[in-house]
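This briefing is for a reader who is new to the structure. Please keep the sequence and the model in view while reading.

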Amino acid sequence: MTTKSSYRIASIPGDGIGPEVVSAAIQVVEKLAKTLGTFDINFDHIPWGTAHYKQTGSYVTGNALDTLRSYDASLFGAVGAPDVPDHISLWGLLLAIRGPLQLYANVRPVRTFPGTKCPLTTATEGIDWMLVRENSEGEYAGQGGRSHVGQQWEAATEVALFTRVGIERIMRFAFEMAQSRPRKLLTVVTKSNSMRNGMVLWDEVAASVAKDFPDVTWDKMLVDAMTVRMVAKPQSIDTIVGTNLHMDILSDLAAALAGSIGVAPSSNLDPTRKNPSLFEPVHGSAFDITGKGIANPVATFWSAAEMLIWLGEKDAAAKLMGCVERVCAAGILTPDLGGTSDTQGVVDAVCLEVEK
Ligand code: GGG
């Protein structure tokens with residue numbers, strides 16, 4: 001007799017449209033678990049975010065890392081508010097988790113969904129890429145400082161910190177990812193013409209790791225040239241790996257090219273599995289549409305599906321994504337994809353599909 005797996009998930013809706021899309025994802029995942037009956041899943045609400053910050057002076061409660069370590073995974077919404085500087089909110093919550101928990105692989109798949117279009121590129125058949133972002137160091141290491149504050153020659157430094165260990169582990173992860181995909185194609189993005197230390201180390205480590213993956217075809221690209229290639233030659237791309245900053249930017253571009261940032265998921269993984277991983281849509285808190293009920297929940301559905309895969313529930317994840325694709329193909333889309341549905345309309349349609 002096999003025992004039924006049971007998962008405890010930290011639900012951190014956060015700010016803006018975060019609560020709307022996380023609530024949407026919890027509804028469909030709970031429906032999925034109930035319908036399949038093959039696993040149990042329980043979401044605990046964790047009220048971290050800007051409201052918490054305004055009440056307590058901190059984005060999180062107590063030892064946030066220990067709290068998250070008591071769960072199997074976290075499902076995160078968004079962080080950022082119009083009346084708090086973005087660097088306070090981001091460092092108060094997301095960046096306070098990713099680096100310290102060593103969630104060093106940020107995996108951002110990008111795909112054009114059935115029934116949707118990607119008119120911004122020459123990819124008439126749609127886009128299907130895998131973006132791998134180094135998530136623990138680089139330009140977001142938090143190193144640097146300010147001096148002569150308020151004076152004419154006020155100075156600020158932002159130091160990008162790259163370690164051989166950090167580069168090697170993300171490079172190996174990216175080569176393995178490329179190897180697992182049908183085209184076995186990897187592009188390593190840097191800026192090693194003008195940044196002559198850390199970026200050159202990236203190039204050197206890439207060449208060294210590549211020797212262990214003779215079946216992967218790989219190339220190097222400067223990040224500025226990569227933006228042009230993504231728009232003009234999308235069919236030449238499959239898997240991309242790059243630094244924290246470069247892939248933060250390229251993943252927004254990729255999502256827009258594929259149709260909408262509203263469908264782009266991300267997994268913040270600790271591939272060693274010493275710490276629980278965190279799953280979140282790529283999009284931020286989107287104050288312009290907060291509270292209107294029209295946020296696209298698909299990025300969070302897909303993030304939740306990636307979470308299920310990571311937990312070992314591959315069949316459930318495949319069923320969920322099949323349902324989401326059929327709903328998109330039927331034209332039940334939020335306005336960012338050219339549709340007229342609201343968030344709950346998409347949730348209800350996916351739940352109906354799950355029950356079929
Ligand atoms: N759901 C992701 C989110 O809230 N993103 C806000 C943001 O600005 N993130 C920057 C980053 O991913 O590094």
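In this predicted model, C323, V324, R326 and V327 of α11 meet V346, A349, V350, E353 and V354 of α12. The residues of this contact divide into seven nonpolar, no polar and two charged.

**Helices α11 and α12**
- Helix α11 covers residues 314-329, and its axis comes within 9 Å of that of α12.
- The two axes cross at roughly 125°, which makes α11 oblique to α12, because angles of 65 to 115 degrees count as roughly perpendicular and those over 145 as roughly antiparallel.
- The crossing in which α11 passes α12 is right-handed.

**Helices α1 and α12**
- Helix α12, residues 343-355, also packs with helix α1, residues 18-36, and here the axes are 9 Å apart.
- The angle between α1 and α12 is about 10°, so α1 is roughly parallel to α12, a term used for angles under 35 degrees.
- On the α1 side the contact is made by E20, A24, Q27, V28, K31, L32 and T35.
- On the α12 side the residues are T343, V347, V350, C351, V354 and E355.
- Sorted by class, the contact of α1 with α12 has seven nonpolar, three polar and three charged residues.
- V350 and V354 of α12 are listed in the contact with α1 and also in the contact with α11.

**Helices α6 and α7**
- Helix α6 spans residues 164-180 and helix α7 spans residues 198-210.
- Their axes lie 9 Å apart and the helices pack at an angle of about 45°, which makes α6 oblique to α7.
- The crossing of α6 and α7 is right-handed.
- From α6 the contact takes R164, I167, E168, M171, R172 and F175.
- From α7 it takes L201, W202, V205, A206, V209 and A210.
- Nine residues of this contact are nonpolar, none is polar and three are charged.

**Domains**
- The domain assignment gives domain 1 as 1-103 + 261-356 and domain 2 as 118-258.
- Taken over C-alpha atoms, the centres of domain 1 and domain 2 are separated by 25 Å.
- Eleven residues of domain 1 are in contact with nine residues of domain 2.
- The side of domain 1 that touches domain 2 has seven nonpolar, three polar and one charged residues.

**Ligand surroundings**
- The residues that surround the ligand are A78, V79, G80, L90, L94, D248, E280, P281, H283, G284 and S285.
- By class, this shell has five nonpolar, four polar and two charged residues.
- D248 and E280 are the charged residues of the shell.

Note on methods: Residues numbered from 1 in each chain as written. Predicted model: local features only at pLDDT ≥ 70, side-chain atom pairs only at ≥ 80, totals over all residues. Near = placed C-beta within 6 Å. Axes fitted to C-alpha atoms, helices over the stretch in contact; angles between N-to-C directions. Helix = DSSP H or I, 4+ residues; strand = E, 2+ residues; numbered from the N terminus. Left-handed = near helix turned anticlockwise from the far one by under 90°. Contact = placed C-beta atoms within 7 Å. Domains from an automatic or database assignment.
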